[in-house]
Amino acid sequence: MGEIKDLHNNEAREKMKAFVKDINTCMFCTRGREFPFQTRPMSTAQVDREGNFWFISNKKSRKNAEIAGGSSVQLEYAQPGNAHFMSVFGNAFI
């Protein structure tokens, strides 16, 4: 079993930036109002200095409509070969 860490502030931002540099694609999950959650692979454009994750999407995408209906999202990054996984919860804004 791997080590689980709940990181905060600078330590969390630096860890997230390093992780995304190695594993740029995640499963981007919007919660929506129904199950199952809507999930799709997305490439991370950037993790900025404040720890915000940036993605590029089509203005008319279904995902954007889902976010407008409820901003809670979850990002799932995985590198199974090295047993590295990261789950990030937050709010998305268009």
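How many bridges link S5 and S6, and in which sense do they pair? S5 and S6 pair in the antiparallel sense, over 8 bridges. Keep in mind that this is a predicted model. The close-ups below begin with the sheet.

**View 1. Four strands line up as an open sheet in the order S2-S1-S5-S6.** Pairing in this sheet is antiparallel. On the edges sit strand S2 (38–43) and S6, each of which pairs on one side only. Going from one strand to the next, the twist averages 25 degrees.

**View 2. Here are the partners across the sheet, starting with S1 and S2.** Strand S1 (residues 25–30) joins S2 through 6 bridges, in the antiparallel sense. Look for Met27, which stands opposite Pro41 in S2. S1 also pairs with S5, again in the antiparallel sense, over 4 bridges. In that pairing, Thr30 faces you with Val73 of S5 standing opposite. Then come S5 and S6 with their 8 bridges, where Leu75 has Val88 of S6 opposite.

**View 3. At the turn of the S5 and S6 hairpin, find Ala83.** The hairpin has 4 residues between its strands, and Ala83 is in this loop, between strand S5 (72–79) and strand S6 (84–91). What is the phi of Ala83? The angle is near 55 degrees, a positive value in a residue other than glycine. Most residues other than glycine have a negative phi. Is Ala83 buried or exposed? Its relative accessible area is 54%, so Ala83 counts as exposed.

**View 4. Helix H1 lies across S5 and S6.** The helix runs at about 120 degrees to S6. Val20 is buried, because its relative accessibility is 8%, under the 20% cut-off. Which residues does Val20 touch, leaving aside those up to four places away in sequence? They are Thr44, Val47, Phe53, Tyr77 and Met86. Now compare Val20 with Ala78: the two are 58 residues apart in sequence, and their C-alpha atoms are 9.9 Å apart in space.

**View 5. Phe19, Phe53 and Tyr77 make up one aromatic cluster.** Searching the whole structure turns up 3 aromatic pairs. One of them is Phe19 with Tyr77, an edge-to-face pair with 6.4 Å from centre to centre and 80 degrees between the planes. Phe19 belongs to helix H1 (residues 9–22) and Tyr77 to strand S5, so this pair ties together parts that are 58 residues apart in sequence. Both ends of the pair are buried: Phe19 has 10% relative accessibility, and Tyr77 has a relative accessible area of 1%.

**View 6. Stay with Tyr77 and turn to its pairing with Phe53.** The two ring centres are 6.1 Å apart and the planes meet at 40 degrees, so this pair is tilted. Why does the pair tie together separate parts of the sequence? Phe53 is in strand S4 (residues 53–54) while Tyr77 is in strand S5, so the parts joined are 24 residues apart. Phe53 has a relative accessible area of 17% and is therefore buried.

How values were computed
Residues numbered from 1 in each chain as written. Predicted model: local features only at pLDDT ≥ 70, side-chain atom pairs only at ≥ 80, totals over all residues. Heavy atoms only, no water. Helix = DSSP H or I, 4+ residues; strand = E, 2+ residues; numbered from the N terminus. Buried < 20%, exposed > 50% of the residue type's maximum accessible area, 1.4 Å probe, protein only. Phe/Tyr/Trp six-rings, centres within 6.5 Å; stacked < 30°, edge-to-face > 60°. Contact = heavy atoms within 4.5 Å. Pairing = 2+ DSSP bridges. Axes fitted to C-alpha atoms, helices over the stretch in contact; angles between N-to-C directions.
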